[in-house]
Amino acid sequence: MSLKEQIDLTRLPKHIAVIMDGNGRWAKQKGMNRIFGHTNGVNAVRETAEACAELGVEYLTMYAFSAENWNRPQLEVSALMTLLLKTINGELKTLLKNDIRLGAIGDIDSLPKGVAKELREAIEKTSHCKRMELILALSYGAKNEMVRAVKQIALKVQSGETSLHDINENLITENLYTAGRPDPELLIRTSGEKRVSNFLLWQLAYAEFYFTDVFWPEFNKEELYKAVIEFQNRERRFGKTSEQLATGK
Ligand code: IPE
Ligand code: IPE
Ligand code: MG
């Protein structure tokens, strides 16, 4: 049986989040520069998005550039921004053809003006697409996202629009960049690193974590299937006991 056939389509994660890591090391291994790794990483994004859409996953969030990544060498940052612009332009047709809606989370205003503009236009042009939302995390940091949410809520309390009494988990969820989307059930990180690197700290509260040693440019549909199969083999207890899950009590 192929890997794809081993997946139970009735128990798919609705939302998968991916920390795409290892582009630099992959390139280095090949005697190439880091930018070469990023360029090749785009193919893996395409494959992963396609695989998820084909399976019926509804949301796919990909960590493409963290708030901390601004601290990389200037040359690498600008190459990444150029690549991002090129990719958004180049993939727009494919997104429309595959009925995939583009989304973004993070401090989009901090991106170079041209990139932010193209991104917003692509989001707008694909807003009617229904099959899946592909959400790019750009200049994203979870701690910063929470600070922003707290400020937004504080403003509403100050203006009288909300009262202290109304502050609950839902209100916080609604004030995050990810508002309106379900929490990811599966987090994938490539390249062997086992950390969250300031990604979706609130939203990953009950996600299953899947780590693979594969470097991001080598990630593909088959690797995605492996992660989904592993996810389906986990017992998600949400604080309960195995016995409770078995008896439904
Ligand atoms: C992930 O690959 C891509 C980004 C963070 C933009 P890296 O560039 O982090 O690659 P490594 O971790 O140095 O190998
Ligand atoms: C995390 O990767 C960010 C992205 C994948 C965009 P990094 O390679 O920047 O993470 P750290 O700094 O090694 O944890
Ligand atoms: Mg890295």
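Trainee: Which helices and strands each supply at least two residues of the lining of the largest pocket, and which of them gives the most?

Mentor: This is a predicted model: local features need pLDDT of at least 70, side-chain atom pairs count only at pLDDT 80 or more, and totals for chains, interfaces and linings use all residues. Residues are numbered from 1 along each chain as its sequence is written, chains are lettered from A and ligands numbered from 1 in the order in which they are written, and side-chain values use heavy atoms, with hydrogens and water left out. The contributors of at least two residues are α1, α2, β2 (59–66), α3 (74–97), β3 (100–105) and β4 (132–140). With 10 residues, the one that gives the most is α2.

Trainee: How many residues line the largest pocket?

Mentor: The lining divides into 21 nonpolar, 11 polar and 13 charged residues. M20, N23, Y63, A64 and F65 lie nearest the centre, and the lining comprises 45 residues.

Trainee: What takes up space in the largest pocket?

Mentor: The volume of this pocket is about 990 Å³. The space in question is taken by ligand 1.

Trainee: Which helix gives the most to the shell around ligand 1?

Mentor: Two helices, α1 (23–29) and α2 (34–55), each supply at least two residues of that shell. With 3 residues, the one that gives the most is α1.

Trainee: How much of the accessible area of ligand 1 does the protein cover?

Mentor: A polar backbone atom of R25 is 2.7 Å from an oxygen atom of ligand 1. Of the 380 Å² that ligand 1 has on its own, the protein covers 88%.

Methods:
Polar contact = N/O pair within 3.5 Å; in protein donor to acceptor, adjacent residues only side chain to side chain. Areas by Shrake-Rupley, 256 points an atom, 1.4 Å probe, with all protein chains shown as cover. 1 Å grid on protein atoms, 1.4 Å probe; cavity = no way out; pocket = protein on both sides within 12 Å on 5 of 7 lines; lining within 4 Å. Sits in = over half its atoms within 2 Å of the grid points. Helix = DSSP H or I, 4+ residues; strand = E, 2+ residues; numbered from the N terminus. Points joined across faces, edges and corners; volume = space filled by probe spheres on them. Nonpolar A, V, L, I, M, F, W, Y, C, P; charged D, E, K, R; others polar.
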